[in-house]
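Have the viewer open and follow along.

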Amino acid sequence: MAEVIRMPLLSDTMTEGVIAEWLKKVGDTVKSGDILAEVETDKATMELENYADGTLLYVAADKGQAIEVNGVLAVVGKPGEDYQSLLDGEGGSSNGAAAETKAEPAPAEQPKTTEEPKKAEAPKAAVDLSSIKATAVRMPLLSDTMTEGVIANWVVNVGDKVKSGDILAEVETDKATMELENYDDGVLLYIGVEAGKAAQVNQIIAIVGEEGANFQAILDAENGTSSAPAEAKEEAPAASVNGSSAEASQSSDAEGRIKASPLAKSIAKDKGINLSDVTGSGENGRIVKKDLDTFTPAAKEAPSPAAAATPAAKPAAAAPAPKPAAVPEPVGEYEDLPVTSMRKTIARRLSESLYTAPHFYLTMEITMDNAMKFRGQVNEVSPAKISFNDFAIKAAALALKQHPAVNASWLGDKIRRYKYINIGVAVAVEDGLVVPVVRNADQKTLSTISTEVKDYAGKAKSKKLQPKEMEGSTFSISNLGMFGVEEFNPIINSPDSCILAVGGIKKTVGVNDAGEFFVTNIMKVTLACDHRAVDGATGAAFLQTFKQLIEDPMRMLV
């Protein structure tokens, strides 16, 4: 499958990059690690590294042209592969993401016409920072779904000398643990996020510069002017007697829209918090993650006596969303575990999938007698040990070829049916689970599939999986049979339309046509379908084909 190469964030102030020179041209064969181009940022000219093997199929800009951060830069894939769908789908979304990123500061500038003349002076402070010989290191966007990263470990300490290219820290994203590279020579002056703590994408996590440089000015500028936000915060408690109107005005723009980061909005939705009740501590009163982490509903409980006498206050008193925070302390010992970035992402994505996609489930029993005999014969000649999970991956891929309606995604105004078959395989790790992707599984042998899955499992457990190895699935499989689970209902791995749950093999008693009893081996599988894209009959037809391939596995080889 073709891979999209995007314009990376190469400096803390970068909004776009200019192609200084293409070192590869369309049609060239490229490997992971090759330098595709030289990109001129606002600070330096840096090399753009490729991360996919294949052929350079497309470049989005000529030499001298600019591309926004996260915009499509190039496409790498197989010769002659159709990549237009990637540009139509991902390209549109990336442009939208770039536009959204650029638009975020806008609410802070709109109030210039109202009562925030002091806030409008913030850009002047930014100009003065040019005399400070120090650079902020920000949390980079390391995967397409990343909203924050956790500092797993700092490799260097404050006061250490660092050079461009040195590794500053290891960052745990929602998909993998990756190295954070430095891009300026100097001394590590400041660390803003301790090991084990999270930082939002683009948040300052460190500062590198000349020894003795006034890095505090950079932090002050990042947090906004010291006067305007302070005044707003001082006014908030006085106005809180009358409710949250002052807080709402502080964290909203001239048109009354609440200013909050996308992550803050997501957290507020999950916790049932009304953003108008939260005081923002970010730039120009913008609500950020830490505001929600420290938010308690105590301020809403204070006016409750008046609420009893005032009917208009009943909605506020009736809002039960924040109540989980008031759960009584348990009697006895317990342990509160911090939620990892991976676990947060699992919770968010699966919640979105379960409550957005209308799931229905189809369960079928498969006789495994022939498959068990066949597996023994195959493993005598196979260079890699074949598992029943490998059988399931291969059978699912071949069944998808016959039932392309299952190999699809719901995109709101259209259903996208893929002409390639990429099987996502759920792998359990210490902090949760990851779903590496076996690409073009229908074209691979059982031994090749087995080797790939084992390699992915090893990388997953050592946290070495790369984001590109977990993207692009069109169908997913989750196997809990090795844990003794007979059957279960899985949650669809969005944007796939279906996921197949594979249970364990169990001996049971069967009856033949002559009424004779015999011992047989049964495996149950359950197909979860998104009813928006896949109907019951379609899912059932897929399962029938899957059953036929597993019960007569020789058909998978022809």
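## The chain at a glance

Among contacts in the protein chain with a separation of 6 or more, 63% are between residues 24 or more positions apart. Keep in mind that this is a predicted model. The protein chain has 16 helices and 26 strands, and buried residues make up 43% of its 558 residues. Its accessible surface comes to about 28800 Å², with 53% of that belonging to carbon and sulfur atoms.

Let's start with helix H16, residues 536–551. The buried residues in H16 are Gly-539, Phe-542, Leu-543, Thr-545, Phe-546, Leu-549 and Ile-550. These cover an arc of only 160° around the axis, which puts them on the same side of H16. What do the buried residues of H16 pack against? The partners are strand E17 (359–367), helix H13 (369–379), helix H14 (388–402), strand E24 (475–479), strand E25 (498–511) and strand E26 (517–530).

Helix H12, residues 341–356, can be read in a similar way: its 16 residues should span 22 Å at 1.5 Å a residue, and the end C-alpha atoms sit 22 Å apart, which agrees. The buried residues of H12 are Ser-341, Met-342, Thr-345, Ile-346 and Ser-353. Looking down the axis of H12, you'd find these within an arc of 135°, so they line one face of the helix. That buried set packs against strand E10 (148–154), strand E12 (167–172), E17, strand E21 (427–429) and strand E22 (432–434).

## Aromatic pairs

The structure holds seven aromatic pairs. One of them is Phe-388 with Phe-391, edge-to-face, at 6.0 Å centre to centre and 90° between the planes. Both residues lie in helix H14, three residues apart, about one turn of the helix.

| Residue | Relative accessible area | Class |
|---|---|---|
| Phe-388 | 23% | partly exposed |
| Phe-391 | 1% | buried |
| Tyr-418 | 16% | buried |
| Tyr-420 | 22% | partly exposed |
| Ser-409 | 0% | buried |
| Ser-32 | 43% | partly exposed |
| Asn-202 | 37% | partly exposed |

The cut-off for buried is under 20%, so Tyr-418 at 16% counts as buried, while Tyr-420 at 22% is partly exposed.

## Two serines

Ser-409 is placed in strand E18, residues 408–410. Not counting residues up to four places away in sequence, Ser-409 touches Lys-414, Ile-415, Arg-416, Tyr-418, Pro-495, Asp-496 and Ser-497.

Ser-32, on the other hand, is in the loop between strand E3 (29–30) and strand E4 (35–40). Which residues does Ser-32 contact, leaving aside neighbours within four places in sequence? They are Asn-50, Tyr-51, Ala-52, Asp-53 and Lys-468. The C-alpha atoms of Ser-32 and Ala-52 are separated by 4.8 Å, although these residues are 20 residues apart along the chain.

Most residues other than glycine have a negative phi, and most peptide bonds are trans. A few spots here go the other way. The peptide bond from Ser-494 to Pro-495 is cis, with omega near 10°. Pro-495 lies in the loop between E24 and E25, and is among the residues that Ser-409 touches.

Two asparagines have a positive phi. Asn-70 has phi near 75° and lies in the loop between strand E7 (66–68) and strand E8 (72–77). For Asn-202 phi is about 80°, in the loop between strand E15 (198–200) and strand E16 (204–209).

Key:
Residues numbered from 1 in each chain as written. Predicted model: local features only at pLDDT ≥ 70, side-chain atom pairs only at ≥ 80, totals over all residues. Heavy atoms only, no water. Helix = DSSP H or I, 4+ residues; strand = E, 2+ residues; numbered from the N terminus. Expected span 1.5 Å × (residues − 1). Buried < 20%, exposed > 50% of the residue type's maximum accessible area, 1.4 Å probe, protein only. Arc of directions from axis to C-beta. Contact = heavy atoms within 4.5 Å. Areas by Shrake-Rupley, 256 points an atom, 1.4 Å probe, with all protein chains shown as cover. Phe/Tyr/Trp six-rings, centres within 6.5 Å; stacked < 30°, edge-to-face > 60°.
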